[in-house]
Amino acid sequence: LLPWKSGRTTLDGQDVRTLPQRELWRRAAYVPQSRRAGLGCTVEEMVLLGRAGFVRPFAQPGKHDRDKAREALERLDLLPLAGRSCGELSGGEYQLVLIARALAGEPELLVLDEPESNLDFRNQLRVMETLSALAKSGMAVLYNTHYPAHGLRYADKALLLEKGGRSAFGPAESILTGEALSRAFAVRAAVVESETPYGPFRDVAVFSPGKEG
């Protein structure tokens, strides 16, 4: 969304600045952090906004657009909420509605800004597992997070940004190591793997600098 000082953003090798805006936003969708905007509309109306790139100026969404909106709602198990006001939803439900709005546009690439921020544990899990399922279905999913464990559990690849312009990119399990996270966040971190009644579990344990764990 912002101009580069150096470098560029490419989509399938093509500089996005050379793409017509209408084509770019048909191929890519952006999900902002969950902020309560447009609360007077219903869930279905909010998701239908994701079809804006396919509706001619001053025209109304057609049956095909409404069908695609309903498909997006169904994909995220949100059909029972279709007629409810967005203002009545929980934070996790509203975040899923924003994802459904993006999916209604049938994007190849889904970009999300801290999709699990300000959510409780249950809704964080629900959102992250939804993104994982979308990625497994063939969609490219790109998100930033302040929870390294989420990157470790759900991402195929990770980009770790550090102060001073340092960065590392590659397979998530190779990038998000205890040593790398300790250096990046100025803490003592370790990647912990354990067996649980529900299967293997990987997490990031964090200790303050100088504290013996």
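Close-up 1. Leu1 lies in the segment before strand 1 (10-11). The model is predicted. Leu1 counts as exposed because its relative accessibility is 80%, where the cut-off for exposed is over 50%. Leu1, Leu2, Trp25 and Tyr30 make up a nonpolar patch on the surface. Together they have about 510 Å² of accessible area.

**Close-up 2. Asp203 and Arg153 in a salt bridge.** The closest N and O atoms of Asp203 and Arg153 are 3.0 Å apart. This pair links distant parts of the chain, 50 residues apart. Asp203 sits in strand 9 (residues 199-207), Arg153 in helix 6 (residues 148-154). Asp203 is partly exposed at 26% relative accessibility. Arg153 is also partly exposed, at 33%.

**Close-up 3. Glu162 and Arg183 in a salt bridge.** Their closest N and O atoms are 3.2 Å apart. Glu162 is in the loop between strand 6 (157-161) and strand 7 (167-171), and Arg183 is in helix 8 (residues 178-185). The two are 21 residues apart. Glu162 is buried, with a relative accessible area of 13%. Arg183 is partly exposed at 39%.

**Close-up 4. Glu173 and Arg202 in a salt bridge.** The N to O distance is 3.7 Å. The pair joins helix 7 (residues 172-175), which holds Glu173, to strand 9, which holds Arg202. They are 29 residues apart. Glu173 is exposed at 55% relative accessibility. Arg202 is partly exposed at 26%.

**Close-up 5. A network of salt bridges.** Salt bridges link Arg51, Asp65, Lys68, Glu71 and Glu106 in a network. The count for the model comes to 14 salt bridges.

Methods
Residues numbered from 1 in each chain as written. Predicted model: local features only at pLDDT ≥ 70, side-chain atom pairs only at ≥ 80, totals over all residues. Heavy atoms only, no water. Patch = residues over 30% accessible without salt bridge, like charges linked within 9 Å, V, L, I, M, F, W, Y side chains within 5 Å. Areas by Shrake-Rupley, 256 points an atom, 1.4 Å probe, with all protein chains shown as cover. Salt bridge = Lys/Arg side-chain N within 4 Å of Asp/Glu carboxyl O. Helix = DSSP H or I, 4+ residues; strand = E, 2+ residues; numbered from the N terminus. Buried < 20%, exposed > 50% of the residue type's maximum accessible area, 1.4 Å probe, protein only.
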